[in-house]
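Subject: Structure handover

Hi,

Here is the structure I promised to pass on to you. Please open it alongside this email, and I will go through what turned up.

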Amino acid sequence: MGMPSEPHHDEYVLSLARKCPFPEWLLLELPNGKWGAFWNAGLEGTWATAVWEGDYSACALVHADRFEVLRYMEKHQSH
């Protein structure tokens, strides 16, 4: 998606990442108290910039329940 994110945008997204058993995903603990499913590959485009700007629609799923986000990630693994 377009130009790569700025390095500090990627670092910000990584600072939100919590332990996740699915290597292609980042489990984000968002500042709004919700959880986000973010594709690791999103760091290669402008998706990290969107999260940095507070646009959590860059996540595949945003939900108040961390386990619901993990279930989504499990269901949508790349293999």
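Strands here are DSSP runs of E with at least two residues, numbered from the N terminus. In that numbering, Trp25 lies in strand β2. Please keep in mind throughout that this is a predicted model.

**The sheet**

Let me start with the strands. There are 4 of them, forming an open sheet in the order β1-β2-β3-β4, with antiparallel pairing. The edges are taken by β1 (17-18) and β4 (61-63); each has a single partner strand, so one side of each is left without a neighbour in the sheet.

Going through the pairs, β1 and β2 are joined in the antiparallel sense by 2 bridges, and Ala17 stands opposite Leu28 in β2. These two strands make a hairpin with 6 residues between them. β2 and β3 are also antiparallel, over 5 bridges, and here Trp25 has Trp39 of β3 as its bridge partner. Their hairpin has 5 residues between the strands, and within the hairpin Gly33 takes a positive phi near 90°. Finally, β3 (residues 35-39) pairs with β4 in the antiparallel sense over 3 bridges; Ala37 has Leu61 in β4 as its bridge partner.

How much of β2 is buried? The count is 4 of its 5 residues, so β2 is largely enclosed by the rest of the structure.

Which residues of α3 are buried? They are Val69, Leu70 and Met73. These residues cover an arc of only 100° around the axis, which puts them on the same side of α3. β2, β3 and β4 are among what covers them.

Is Asp65 buried or partly exposed? Its relative accessible area is 30%, so Asp65 counts as partly exposed. Leaving aside residues up to four places away in sequence, Asp65 touches Trp35 and Arg71. The C-alpha atoms of Asp65 and Gly33 are separated by 9.6 Å, although the two residues are 32 apart along the chain.

**Two nonpolar cores**

The largest nonpolar core has 13 residues, and Val13, Leu26, Leu28, Phe38, Leu43 and Val51 touch the most other members. The elements giving two or more residues to this core are α1 (7-16), β2 and α2 (47-52), with the largest share, 3 residues, coming from α2. Leu28 shows how many parts of the chain come together: not counting residues up to four places away in sequence, Leu28 touches Val13, Leu16, Ala17, Lys34, Trp35, Gly36, Phe38, Val51 and Cys59.

A second, separate core has 8 residues, including Phe22, Trp25, Trp35 and Leu70. Trp25 is buried, with a relative accessible area of 3%. Beyond residues up to four places away in sequence, the contacts of Trp25 include Cys20, Ala37, Phe38, Trp39, Ala60, Tyr72, Met73 and His76. Trp25 and Leu70 are 45 residues apart in sequence, with 9.5 Å between them from C-alpha to C-alpha.

Thr49 is buried because its relative accessible area, 17%, is under the 20% cut-off. Which side chain does the side chain of Thr49 join in a polar contact of 2.7 Å? The partner is His9. With residues up to four places away in sequence left out, Thr49 touches Ser5, Glu6 and His9.

Happy to talk any of this through once you have had a look.

Best wishes

Methods
Residues numbered from 1 in each chain as written. Predicted model: local features only at pLDDT ≥ 70, side-chain atom pairs only at ≥ 80, totals over all residues. Heavy atoms only, no water. Pairing = 2+ DSSP bridges. Buried < 20%, exposed > 50% of the residue type's maximum accessible area, 1.4 Å probe, protein only. Arc of directions from axis to C-beta. Contact = heavy atoms within 4.5 Å. Core = buried A, V, L, I, M, F, W, Y, C linked by side-chain atoms within 4.5 Å. Polar contact = N/O pair within 3.5 Å; in protein donor to acceptor, adjacent residues only side chain to side chain.
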